[in-house]
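Let's take a walk through this one, with the model open beside the text.

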Amino acid sequence: MGKVSLLRPPAIQSGAKIAVVSPASSAKAERITRGIERLRELGYEVAASPHAYGRQAPYFAGTPEERIEDLHTAFRDPEIAAIFCTRGGYGSNYLLEDLDLDLIRSHPKPFFAYSDLTTVQTWLLDQAGLVAFHGPMVAADFAVENGVDQSSFAAACNGGQVEAGPQQGLRILRPGRARGVMYGGCLSILTAALGTHFTPQTEGKLLFLEDVGTKPYQIDRMLRQMVLAGKFDGVSGFIFGEMLDCVSPGAHPDLVEQVILRVLDWFDGPIAIGLRSGHVSGGNVTLPMGIEAELMLEDQPSLHYAEAAVRTG
């Protein structure tokens, strides 16, 4: 398949109607409700999909057919301006083979997700060109106090240029500068897709990788697997997330950093860590994927997007 044209969805206007979907695991009803209330406080009209609150044994929000129909309906509905997932968990891989790329190309909308939804987002970016919004979800982030980084969320929604720095957790592991198209997501999910029809196209990108509750040796193994698969070929720079709960109590606090630097000892470009996007302790940063950005790891580390992720005209 040739190069896919990038689809920037329209900006999310004040008062816009957004859909809440659960394409993977079920979420606690009270957390969905709190998250929806918060979105309404921000001025949005919110419509929960038929299975947003759904529960099906052992851990899904509905059957694959129900979950993908909710997702397709949200993209198809002309009144819906954006789509927000309740949470990740597990199960969106059951939807991959049936995603209607033509439908989604015809109705591009901001789709907010992370975690288990990583491969859905990378597939839609790679095959349909749809900008991926790696950012806060309803039950996981909007439902908790200070769960969302408001500056990056507003910029991503309204046509601003997303920026991140030390206030968003960005720290220097290896100094330098790099430009490239932002790409990535949850390391575990990216690695799980290797060898499938849905393998992420990480090569040559400015790559963001994050995870939660993953032991340092597991991070080592996954990074090494990506190296062996050629998935880091031509990468211009690496940005790692907060890596929440990835170091056990009593272990050296810099163990994850040591693992990263050792596995990537062949890479001579900049490496950052600590950016709070995805699985985080708070203030979840919205990172549009598919948009060019510049990583500057010097005296004051910063990530600056070159252009807006949405269309404002």
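This is a predicted model: local features need pLDDT of at least 70, side-chain atom pairs count only at pLDDT 80 or more; totals for chains, interfaces and linings use all residues.

What follows covers a sheet, a helix and a pocket.

Eight strands make up an open sheet with mixed pairing, and the order runs S6-S14-S13-S8-S9-S10-S11-S7. At the edges sit strand S6 (163-164) and strand S7 (171-174); each has a single partner strand, so one side of each has no neighbour in the sheet.

As a reminder, strands of a sheet pair through backbone hydrogen bonds, either parallel or antiparallel.

## Helix H6

Which residues of helix H6 (residues 150-158) are buried? They are Ser152, Phe153, Ala155, Ala156 and Cys157. The cover over the buried residues of H6 includes helix H5 (138-142), along with strands S3 (80-85), S4 (111-113), S5 (132-134) and S12 (287-289).

## The largest pocket

The largest pocket has a volume of about 330 Å³. Its lining takes in 16 residues, and those nearest the centre are Lys3, Val4, Leu125, Val181 and Lys205. Two elements give two or more residues to that lining: helix H4 (118-128) and strand S8 (176-186).

How do the lining residues of the largest pocket divide into nonpolar, polar and charged? There are six nonpolar, four polar and six charged residues.

Note on methods
Residues are numbered from 1 along each chain as its sequence is written. Side-chain values use heavy atoms; hydrogens and water are left out. On a 1 Å grid over the protein atoms alone, a cavity is a set of points where a 1.4 Å probe fits but cannot get out, and a pocket is an open set with protein on both sides within 12 Å along at least five of seven lines; lining residues have an atom within 4 Å of a point. Grid points are joined across faces, edges and corners, and a volume is the space filled by probe spheres set on the points. Helices (H or I, at least four residues) and strands (E, at least two) are DSSP runs, numbered from the N terminus. Ala, Val, Leu, Ile, Met, Phe, Trp, Tyr, Cys and Pro count as nonpolar, Asp, Glu, Lys and Arg as charged, and the others, Gly among them, as polar. Buried means under 20% relative accessible area, exposed over 50%, partly exposed in between (1.4 Å probe, protein chains only). Contact means heavy atoms within 4.5 Å. Two strands pair if DSSP finds at least two bridges between them.
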